Amino acid sequence: MRRRQFVDIFLGASLMGTFASLLYPVVRYILPRKQVEAVVKRISAAKAGELAPNSYKIFKFGSAPGILINTKEGELAAFSAVCTHLACTVLYESDTETIFCPCHNGRFDLSGNVISGPPPAPIESYKVEILGEEIIVSKKA
Amino acid sequence: MKKFIKNASSYLDSRFKLSALLDFARKKKVPEHEYSFWYYFGGICLFLFIIQVITGILLLLYYSPSVETAYESVHFIMSQVKFGWLIRSVHSWSANILIGVIFIHMFSTFLLKAYRSPRELTWVSGFFLLLIFLAFGFSGYLLPWNTLSFFATRVGTDIAGTVPLIGKAVKAFILGGPEISDATLPRFFWLHVAILPLFTVVILGIHLVLVQTLGMSSPLGIEKAKLREFPFFPNFILKDFLGWMLIFVLIGILCVFFPWGVGQKADLFASAPVGIKPEWYFTFMFTTLKLIPSHVFLIKGEVLAILGFIVGAFLWMLVPFLDKNAAREKKSPFFTWAGLVILLYIIVVTVLTYLLPKI
């Protein structure tokens with residue numbers, strides 16, 4: 001290797017190294033830091049008797065919304081409220097007794113299965129139990 | 001006074017060479033033909049961008065980019081600050097009109113085949129400006145932190161998240177985490193007032209330099225020798241100015257009679273409101289995502305639609321290099337029809353979104 005060639009490579013590599021060492025902290029600064037969140041598997045979603053028949057409530061389940069429904073027959077059902085299509089928050093339509101996503105008109109039955117619209121998968125259903133005064137919603141094993 | 005002005009202009013001219021610039025503008029000619037009208041939309045885009053910059057700087061004085069205070073600060077601007085409603089309404093209305101005018105400018109450029117050699121890079125830089133201004137619209141929409149903007153952001157970023165391989169990383173970068181959180185709003189604000197303006201200045205600079213150095217394109221099939229021309233300065237500039245004033249009056253009327261609303265404060269744990277839709281310029285994509293089945297040939301419908309939009313946009317950017325006939329100054333009906341079909345699709349689906357919200 002000639003001396004000139006060596007100097008070119010050495011200076012080029014040094015320049016690239018300097019540039020990378022300047023860029024690295026900027027990139028790490030811009031990228032969001034990883035958030036450690038406690039995994040919530042069980043939560044008190046409402047008070048017993050809080051929901052009238054054929055109504056619903058959105059509750060906070062960890063960092064995502066969940067939906068608790070009291071059906072016309074008075075049965076409780078809970079699901080993830082995040083639509084499987086593009087993550088909008090669903091609602092319960094009392095006249096059709098279905099779960100509806102207003103963003104792209106996705107519709108689910110009260111088992112969480114897709115009835116119509118673009119959602120590619122059912123919404124996750126949760127276990128519901130009443131413990132004393134509380135309606136407890138938990139993730140199914 | 002006259003002497004002072006003469007001396008001052010002579011002083012400045014000897015230092016900044018202003019007369020050379022004026023000479024260039026006087027010597028520059030604009031082709032005159034039955035489609036010359038469409039030339040003015042580029043200038044209107046520039047004018048609306050200037051309005052965006054001025055009103056945006058004014059809004060910075062009172063806007064507070066945090067989840068706790070953003071909605072309240074916008075409410076304060078609209079209800080308490082003198083003429084705050086006007087400044088914000090001008091910002092919002094002119095932003096919407098700007099996107100509309102960019103679309104008009106782009107399709108008129110496309111149909112007149114003004115992208116052909118040597119103006120390929122003018123087209124490509126214009127394409128990037130369209131993307132930047134759509135990003136301006138998307139990031140600015142969240143800043144008031146209301147229900148509509150919250151869900152539009154959730155859907156929009158989830159669309160980014162469905163892009164294979166890089167989607168999740170892109171979504172996390174935009175949102176400042178895996179989901180919309182307290183970190184999202186400052187990030188959108190940062191994009192809206194710092195990063196996107198920086199890109200705009202660079203790419204708009206390139207676009208304008210190319211437009212000025214290459215001049216306006218004349219339509220296909222018109223021989224250069226037979227083409228009539230008129231001076232850029234003052235004739236074209238004065239007509240351009242007239243267009244700017246008309247748009248300015250339109251914005252004034254819209255702001256007075258339809259001031260921009262504030263909406264309801266975003267609640268991260270509430271259902272999306274019925275009838276929700278994004279800003280009008282995203283509705284053709286929004287409704288396409290509604291109409292596409294959940295699966296098409298085992299591929300998720302939404303992924304297919306989004307990949308289709310990405311590939312379509314990429315091909316749109318490459319049109320000057322694909323349209324070989326136009327490059328040889330020959331007619332290219334395939335590209336004309338393709339452009340018309342795309343334009344028709346955008347118009348029909350956008351109108352249907354408003355006329356038939358339940359589709």
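Me: What makes two residues count as in contact?
Reply: Their C-beta atoms, placed from the backbone, must lie within 7 Å. By that rule Ile67(A) touches Tyr56(A), Ile58(A), Ala78(A), Phe79(A), Ala81(A), Val90(A), Tyr92(A) and Ile99(A), not counting residues up to four places away in sequence.

Me: What kind of model is this, and how are residues numbered?
Reply: This is a predicted model: local features need pLDDT of at least 70, side-chain atom pairs count only at pLDDT 80 or more, and totals for chains, interfaces and linings use all residues. Residues are numbered from 1 along each chain as its sequence is written, while chains are lettered from A and ligands numbered from 1 in the order in which they are written.

Me: Why is Gly84(B) called partly exposed?
Reply: A residue is buried if 20 or more other C-beta atoms lie within 10 Å of its own, exposed if 12 or fewer, and partly exposed in between. Gly84(B) has 19 such neighbours, so it counts as partly exposed. Gly84(B) is in helix α5 of chain B. Beyond four places in sequence, Gly84(B) contacts Tyr62(B), Ile77(B) and Met78(B).

Me: Why is Lys113(B) called buried?
Reply: Lys113(B) has 25 C-beta neighbours inside 10 Å, so it counts as buried. Lys113(B) sits in the loop between α5 and α6 of chain B. Its phi is near 55 degrees, a positive value in a residue other than glycine.

Me: Why does Trp145(B) count as buried?
Reply: The count for Trp145(B) is 25 C-beta neighbours inside 10 Å, so Trp145(B) is buried. Its place is the loop between α6 and α7 of chain B. Phi of Trp145(B) is near 55 degrees, again positive in a residue other than glycine.

Me: What makes a set of residues a nonpolar core?
Reply: Its members are buried Ala, Val, Leu, Ile, Met, Phe, Trp, Tyr and Cys residues, joined through C-beta atoms within 7 Å. The largest such core has 88 residues. Among those with the most contacts inside it are Ile67(A), Leu98(B) and Phe151(B). Helix α5 of chain B gives the most to this core, with 10 residues.

Me: How do you know that the radius of gyration of chain B agrees with a compact globule?
Reply: The radius is taken over C-alpha atoms, and the globule rule is 2.2 Å times the number of residues to the power 0.38. With 359 residues the rule gives a value near 21 Å; chain B has 23 Å, so the two agree. The C-alpha trace of chain B spans about 65 × 60 × 35 Å along its principal axes. Buried residues make up 31% of chain B.

Me: Which residues of chain B follow a cis peptide bond, and where do they lie?
Reply: Pro118(B) is joined to Ser117(B) by a cis bond, with omega about 10 degrees. Pro118(B) lies in the loop between α5 and α6. The bond from Phe233(B) to Pro234(B) is also cis, with omega near 5 degrees. Pro234(B) is in helix α10 (residues 232-257).

Me: How many residues of chain B are in contact with chain A?
Reply: 28 residues of chain B are in contact with 23 residues of chain A. α7(B) gives the most to that side of chain B, with 5 residues.

Methods:
Helix = DSSP H or I, 4+ residues; strand = E, 2+ residues; numbered from the N terminus.
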